[in-house]
Amino acid sequence: MVPERGDTPARVRVTSSRRGARTARTRPLSTDLDEQTELGDVYLDGLRRAQLRLGLTVLGLMVLALGGFPVLLSLIPSTRTMTLAGIPLPWLVLGVLVYPAAWLLARGYVRQAERIEAEFADIIGAGRDV
């Protein structure tokens with residue numbers, strides 16, 4: 001039956017992906033990963049994108065911090081000769097403060113990467129319950 005011009009089908013609006021909802025899948029998602037199906041590739045691409053985004057964010061923060069310091073020194077010349085406890089500010093920042101900052105960024109990166117992997121494992125593991 002062909003709908004007439006005035007007859008329009010009812011519109012359906014999707015408002016949530018309902019991640020917690022059960023699906024009618026009969027095979028686990030891990031099988032799609034093992035067999036390298038298209039669906040498995042979609043899940044792996046999502047994982048890779050999340051990891052790449054995290055890595056680029058951390059790299060960008062480190063580049064911004066280390067690249068911004070020479071800019072600060074060139075824009076504000078008094079910072080080149082400033083001293084704290086007899087140590088020149090550039091030496092103090094580059095020789096002492098960079099390492100704790102790098103450690104904090106690395107720690108944050110590892111925590112976020114583990115969270116991303118745990119979420120991925122939960123999604124894949126959820127398919128095994130069906």
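Analyst: Ala 85 counts as exposed because its relative accessibility is 80%; the classes are buried under 20% relative accessible area, exposed over 50% and partly exposed in between, with a 1.4 Å probe and protein chains only. The model is predicted, so local features need pLDDT of at least 70 and side-chain atom pairs count only at pLDDT 80 or more, whereas totals for chains, interfaces and linings use all residues. Residues are numbered from 1 along each chain as its sequence is written, and side-chain values use heavy atoms, with hydrogens and water left out.

The loop that holds Ala 85 lies between β1 (83-84) and β2 (87-88). Strands are DSSP runs of E with at least two residues, helices are runs of H or I with at least four, and both are numbered from the N terminus. The backbone of Ala 85 has a phi near 55°, a positive value in a residue that is not glycine. Most residues other than glycine have a negative phi.

Of its 130 residues, 17% count as buried. The protein exposes about 10600 Å², of which carbon and sulfur atoms supply 61%; these areas come from the Shrake-Rupley method with a 1.4 Å probe. Among contacts (heavy atoms within 4.5 Å) between residues at least 6 apart in sequence, 58% join residues at least 24 apart. Elsewhere, Leu 56 is found in helix α2 (residues 38-75) and also counts as exposed, at 51% relative accessibility.
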